[in-house]
Structure formats: C-alpha cells, structure tokens
Amino acid sequence: MAAAGGLGVLQAGSVRMAAAYFARLGPGQRMGPASWCRRWAPSGAGPGLGRSYGSEAKGEEELRVRYLEEENKGIVVLGINRSYAKNALSKNLVKMLSKAVDALKSDKKVRTIIVRSEVPGIFCAGADLKERTQMNLNEVSSFVSKSRAVINEIANLPVPTIAAIDGIALGGGLELALACDIRVAASSAKMGLIETKLAIIPGAGGTQRLPRVIGMALAKEMIFSARVLDGQEAKSIGLISHVLEQNETGDAAYRKALALAREFLPQGPVAMRVAKLAINQGMEVDLVTGLAIEEACYAQTISTKDRLEGLLAFKEKRPPRYKGE
C-alpha cells in the first residue's frame, strides 16, 4: 500500500520524491497491476456508439462523440460541430467537451481518441468572440479558467490522443490541438496563437505547451507576431507530425489520424497508458528522475496478464489478444 500512495504522489505532481521512492523499492514492493488499473486505467464500461451532446443554440449537436466499431473498435472520435460559429469555443461547447472527456477517461474500452471538426475547412477558430463581448470581467475570467481546465483534462487523458486539423486552428483551437499527443494537418490548414492581436495572451495553455513542442525561441516568435502557419510550415518547425495534401472530401488529416489510431490498437492497453505517463512526466524533470519514473512505470506492466499473453503469442506465432489486465 505504501507504493500505491507513492504513485498517488506521482500523479499529484511531486515527481521527484515519488520517482526516488520507487527507485528505492524492491521488485516485490511495487504496486500491483490491479491497484494501478484502479488509479490509471479506465474502470467503467463506455456508452454506446454515437453519443452526442446537444447545443443550446441553432438546434445543432455542438459535439458529436462517435465510438467506432469493427476494425476500429476502441477508437473514439470527438467531432466539433458549430458551423455557424466556425467551431468557436463557447460556454456551452466547453461544458460539452468537459462532460465528454469526463466520460472517456473512465471508459476502459477506449484505446485512442481523435479530436476533429465536423465542419469543412475549420478545426476551431478559438474563443467565441461574439459571446465574449456580452461577458463582464468576472465572466471572462471564469470562461478562460473553464477553457483551460477542459484542455488540461484532454491533455491528461490516459490514452493516446490525436488532433486532426483539416482547417483553421487559431487561438484556443490550436491550444486544443496542442493538448493532444499527436497533431496531423492538411497542407491547407492554418494554425496560430493570435491572441496578442487582441491585446491578450494565450490563456488555455498555449504559452506553456507551444514552447515545449517547438522550442522557446520559435514559440515566442509565433506568439509575439501572431503569425499564422500553413500545414507545411507547421510541419517544418515540428508543430505537427504529419502534413497531407487535402483531398476532395476535406478530411485528409482525419484519415491520417484514423490510420495512426489503427496502428495503436493492437498494442497492450496497460502498456500504452503507462508509456504515455512515463513520457509526459519524464519530460518535466531531469534525466535521472525521468529514468526513475520509467522504472516505476515499467514495474506496473510486469505482473499483468497482458505481458504473459504477449510472450505466449510470440511463442505460438500468433497475434496477441490483450484485455487490459
């Protein structure tokens, strides 16, 4: 139980102390996979295919949540659908995103999440400025805090996340994409943190996540200039992992994201979660501490049934049948 408490400290952010603690523990003292799964792996059964969260305006579904089936089972697609507002982040959309993310993080059937737009030519144009003009100072502050919180929730999802950018991703839209593990975009997409044009700064993680992705100097240049990049430019500085020529249906980035998600599906579910945790936490600390975090995370896979299944499948020369146990 002491090790379980140590991992709780790790989750809470006291990474150095927890990693050093794990490094001192013997193999028999580390937390078992059952305890790990209760803390990190989703525990509840997911909702059915095609859940949607309704809009308060225009009668549209502002967020469409699709649980894919058959060969894509385990992939969930979050589709933003505010065509009349260029998918801008409204109070209602932020609320719907938070509700959807809360359900996903506790769904053990979810293996990979894709964030995309249901609106051609748009990913997300940032905050809904028309709505913001109707807010007082306290309401603005509250909205920015809630937007930051939901984007942090997306960043903290335990499974891989992919942003499929098939159009404009500006301000909060790019911050949403930056919270995902992987970003893919069409060459025609437009991306930028343009808040300084409005005499404000990125407020939903942009000043922190962008330099971690592309480096401090380039991030400063982009934010100071409010520069907007196309897909090729974004790829050249490492803002996105893949760039594709847009297709006739306007979903080239989504198709690439789906192909990547399919590559992730065969891997061990527990291993995927702890690999993401090890990378994310390790990048925030020095190498020695990061290696201790890796050791602690590796330990969570040793006693799993999936690890034994992987070895057996290798011996029998067949695909493994992982269950996330």
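At what angle do helix H8 and helix H9 pack, and how far apart are their axes? Select residues 206-214 for H8 and 216-225 for H9: the angle is about 135 degrees, and the axes are 7 Å apart. (Helices are DSSP runs of H or I, at least four residues, numbered from the N terminus; axes are lines fitted to C-alpha atoms over the stretch in contact, with angles from 0 to 180 degrees between N-to-C directions.)

A quick note before moving on: this is a predicted model, where local features need pLDDT of at least 70 and side-chain atom pairs 80 or more, while totals for chains, interfaces and linings use all residues. Numbering starts from 1 along each chain as its sequence is written, and side-chain values use heavy atoms, leaving out hydrogens and water.

Now show side chains. On the H8 side, pick Gly206, Thr207, Leu210, Pro211 and Ile214; they meet Met216, Leu218, Ala219, Met222 and Ile223 of H9 (contact means heavy atoms within 4.5 Å). Colour them by class and you get eight nonpolar, two polar and no charged residues (Ala, Val, Leu, Ile, Met, Phe, Trp, Tyr, Cys and Pro are nonpolar, Asp, Glu, Lys and Arg charged, the others, Gly among them, polar).

Next stop: the second largest pocket. Centre on Ala125, Gly126, Ala127, Asp128 and Leu129, which lie nearest its centre among 29 lining residues. By class, the lining has 17 nonpolar, five polar and seven charged residues. (A pocket is an open set of points on a 1 Å grid over the protein atoms alone, where a 1.4 Å probe fits, with protein on both sides within 12 Å along at least five of seven lines; lining residues have an atom within 4 Å of a point.)

Conventions. Helix = DSSP H or I, 4+ residues; strand = E, 2+ residues; numbered from the N terminus.
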